[in-house]
Amino acid sequence: MHNIELEKIAEFFTESLSQVLRMMAGFEVTSIDCNQSDETSMKPSIMAAMILHGAKDTIVSLAMEHSTAAVIIAYMTGVLPEELSQQDLFDGIAELVNIMAGEVKTMLSNTPHHFLLTSPFSIGGQNLELIYKESLPQVCRRLMAGEMEIIFQMAHI
Amino acid sequence: MNILSVDDSAIVRKIIRGAVEVLDGNLLEAASGMEAMDVLNKEYKNIDLILLDWNMPGLTGLEVLERLKADKRFRSIPVMMVTTESERENIVKAIQAGATHYLVKPFTIEELIKRIMESLGRGEYRDA
């Protein structure tokens with residue numbers, strides 16, 4: 001379901017993520033609507049999400065392949081990708097969601113859309129996909145940095 | 001120099017470890033407020049600086065800070081908040097509770113090193 005307010009807030013999130021990736025990992029990120037892009041061959045194997053408590057409770061999530069997570073976390077920590085453990089990747093992507101949500105929380109602090117953070121969490125598997133009921137307001141963006149791809153999703157729940 | 005990092009994110013502690021190693025320091029770690037209190041009870045005489053996250057399960061960073069400042073053994077150890085909480089109101093709360101510095105995530109390693117040096121009163125760090 002299309003929702004203009006959610007679209008605007010999602011924009012804050014993707015801008016924040018771009019800024020975090022630029023600052024901590026040196027990546028330039030472009031973003032497009034999932035529905036306007038070609039079918040992706042990316043098979044997410046790691047996902048991190050956070051529930052935001054506000055007037056409307058919301059879930060935000062990032063999904064990507066392990067190789068993408070490893071490169072991002074390697075840049076963030078200065079540790080070589082092959083030296084990062086599985087736990088480092090789960091923890092790092094969850095922290096990315098935490099940082100992104102923290103920034104947007106501040107941006108929206110004096111607006112009707114203000115929210116509280118909760119603890120971010122990660123999910124591992126194959127071909128991960130979050131599917132919300134069609135009737136729920138939701139946004140999906142594909143974020144690309146070179147050959148790396150990240151799926152950002154946000155939905156009121 | 002001995003620095004205690006209190007953060008429930010292992011990856012943030014790893015980033016901080018990288019910065020502390022550049023400064024030839026030693027990092028002690030705690031993944032929660034309660035763990036931090038345990039480390040402090042044993043090691044407080046050797047700790048030069050505490051880097052404290054805000055949002056953690058159990059005791060929040062602010063609650064840890066309040067406990068530190070209420071205990072004369074720990075009161076003089078400088079505390080830098082390292083957190084995603086960047087609302088002015090929260091920054092003021094932390095400073096009023098006794099934090100000496102406040103660093104908002106995300107940050108670069110260079111910025112972190114600079115702020116650690118400032119918190120320790122050791123002047124300016126210059127990247128080689």
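A residue is called buried if 20 or more other C-beta atoms lie within 10 Å of its own, exposed if 12 or fewer, and partly exposed in between, with the C-beta atoms placed from the backbone. This is a predicted model, in which local features need pLDDT of at least 70 and side-chain atom pairs count only at pLDDT 80 or more, while totals for chains, interfaces and linings use all residues. Residues are numbered from 1 along each chain as its sequence is written, and chains are lettered from A, with ligands numbered from 1, in the order in which they are written.

**View 1. Helix α3 of chain A.** Helices (H or I, at least four residues) and strands (E, at least two) are DSSP runs, numbered from the N terminus. By the burial rule, 18 of the 22 residues of α3(A) are buried, and the helix is mostly covered. From its first C-alpha to its last, α3(A) reaches 32 Å, close to the expected 32 Å, where the expected span is 1.5 Å times one less than the number of residues in a helix.

**View 2. The side of chain A that touches chain B.** Two residues are in contact if their C-beta atoms, placed from the backbone, lie within 7 Å; the contact takes 21 residues from chain A and 17 residues from chain B. On the side of chain A, the elements that give two or more residues are α1 (4-25), α2 (66-77) and α3 (86-107), and the largest share, 10 residues, comes from α3(A).

**View 3. The surroundings of Met81(B).** Met81(B) lies in strand β4 of chain B, which covers residues 79-83, and it counts as buried because it has 25 C-beta neighbours inside 10 Å. Leaving aside residues up to four places away in sequence, Met81(B) touches Leu52(B), Trp54(B), Gly61(B), Ala94(B), Ala99(B), Tyr102(B) and Leu103(B). Lys14(B) is 67 residues from Met81(B) along the chain, and the C-alpha atoms of the two are separated by 16 Å.

View 4. Chain B has 5 helices and 5 strands, which run β-α-β-α-β-α-β-α-β-α from the N terminus on. Its C-alpha atoms fill a box of roughly 40 × 35 × 25 Å along the principal axes, and buried residues make up 37% of its 128 residues. Among the contacts in chain B with a separation of 6 or more, 58% are between residues 24 or more positions apart.
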